[in-house]
Amino acid sequence: MIIQKTAEEIELIRESALIVSKTLGMLASEIKPGITTLRLDSLAEAFIRDHGAVPGFLGLYDFPNTLCVSPNAQVVHGIPNGTPLKDGDIISVDCGAIKHGFYGDHAYTFPVGDVSSDVLKLLEVTKASLYEGIKAFRIGNRVGDIGYAVQQYCENKGYGVVRELVGHGLGRTMHEDPEVPNYGRKGSGKKIIEGMVIAIEPMINMGSKSINHHSDGWTITTKDGMPSAHFEHNVAIVNGNPELLSTFDYIYEVLGITSYEEQPFKS
Ligand code: MG
Ligand code: MG
């Protein structure tokens, strides 16, 4: 059942989502060759707690950390460890926070040092596909239209769209109805309704869409060993249209990036 949120509840989810946005912004200045993902994890946990929130992933389904950190061929759900990042890596960082009983949950894939242009293109296309998905999230459409938009955009460029992992409704729990796949048929799935809040999160592979599950019970990697990217935003339906509750602006500020892609979806 899709839980419609009131305007007040949407503001609370926004507050949690923005704590995640700021956490990712803080991490943007730390992500460079030599830093370990465990160090990033402890910085993130302290930052979230300093902002009066609690890490959303820590302990959820028994996940052991604050961040999911997934370098290179890892798709999602990587566990922080003591291996330093290397020049030319990419690292997908997924983070959750809970405050006033509501979750925020979003993600960004960062280049580490100098990254090859074909891998940078994967990041660019995956991020652009997220905004294609957000555009399709509006009254009059169905959930399948979001996946259709993401899938078309990425497959037309020759990338693999992961099937087994999906976006989701978001609120008092991290994963609510509906599931939001990154593939789908136009006009299929549940109706998009006012007050709906979801996480849209394309997970896109440079090669084939096939994945492997690791024996640690968490880490997912591409079957062909090629890189994978993951970008995620939290979005609400307000007056029929998508409104972003999270933002990459804090990351862009650190990285010196000028971007207008969020503009149409800001309140
Ligand atoms: Mg996430
Ligand atoms: Mg999510």
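A: Gladly, and let's start with the open space. The largest pocket has a volume of about 340 Å³, and the closest to its centre among its 20 lining residues are Tyr 61, His 77, Asp 94, His 175 and Glu 201. Please keep in mind that this is a predicted model, where local features need pLDDT of at least 70, side-chain atom pairs count only at pLDDT 80 or more, and totals for chains, interfaces and linings use all residues. Residues are numbered from 1 along each chain as its sequence is written, chains are lettered from A and ligands numbered from 1 in the order in which they are written, and side-chain values use heavy atoms, with hydrogens and water left out.

Q: What makes a set of grid points a pocket, and what is its volume?
A: On a 1 Å grid over the protein atoms alone, a pocket is an open set with protein on both sides within 12 Å along at least five of seven lines, and lining residues have an atom within 4 Å of a point. Points are joined across faces, edges and corners, and the volume is the space filled by probe spheres set on them.

Q: How does the lining of the largest pocket divide by class?
A: It has 11 nonpolar, 4 polar and 5 charged residues. Here Ala, Val, Leu, Ile, Met, Phe, Trp, Tyr, Cys and Pro count as nonpolar, Asp, Glu, Lys and Arg as charged, and the others, Gly among them, as polar.

Q: Which residues are the protein donors of the magnesium ion (ligand 1), and what makes them donors?
A: Donors are N, O and S atoms within 2.8 Å of the metal (3.2 Å for Na, K and Ca); water is not among the atoms, so sites may look incomplete.

Q: Which residues coordinate the magnesium ion (ligand 2)?
A: Asp 105 (OD), His 168 (NE2), Glu 201 (OE) and Glu 232 (OE) do, at 2.1 to 2.3 Å. Their spacing in sequence is D-x62-H-x32-E-x30-E.

Q: Why are Asp 94, Asp 105, Glu 201 and Glu 232 called buried?
A: Buried means under 20% relative accessible area, exposed over 50%, and partly exposed in between (1.4 Å probe, protein chains only). Asp 94 is at 7%, Asp 105 at 3%, Glu 201 at 6% and Glu 232 at 0%, so each counts as buried.

Q: Is Ser 92 buried or exposed, and where is it found?
A: Ser 92 is found in strand S4 (residues 90-99), a strand being a DSSP run of E with at least two residues, while helices are runs of H or I with at least four, both numbered from the N terminus. With a relative accessible area of 3%, Ser 92 is buried.

Key
On a 1 Å grid over the protein atoms alone, a cavity is a set of points where a 1.4 Å probe fits but cannot get out, and a pocket is an open set with protein on both sides within 12 Å along at least five of seven lines; lining residues have an atom within 4 Å of a point.
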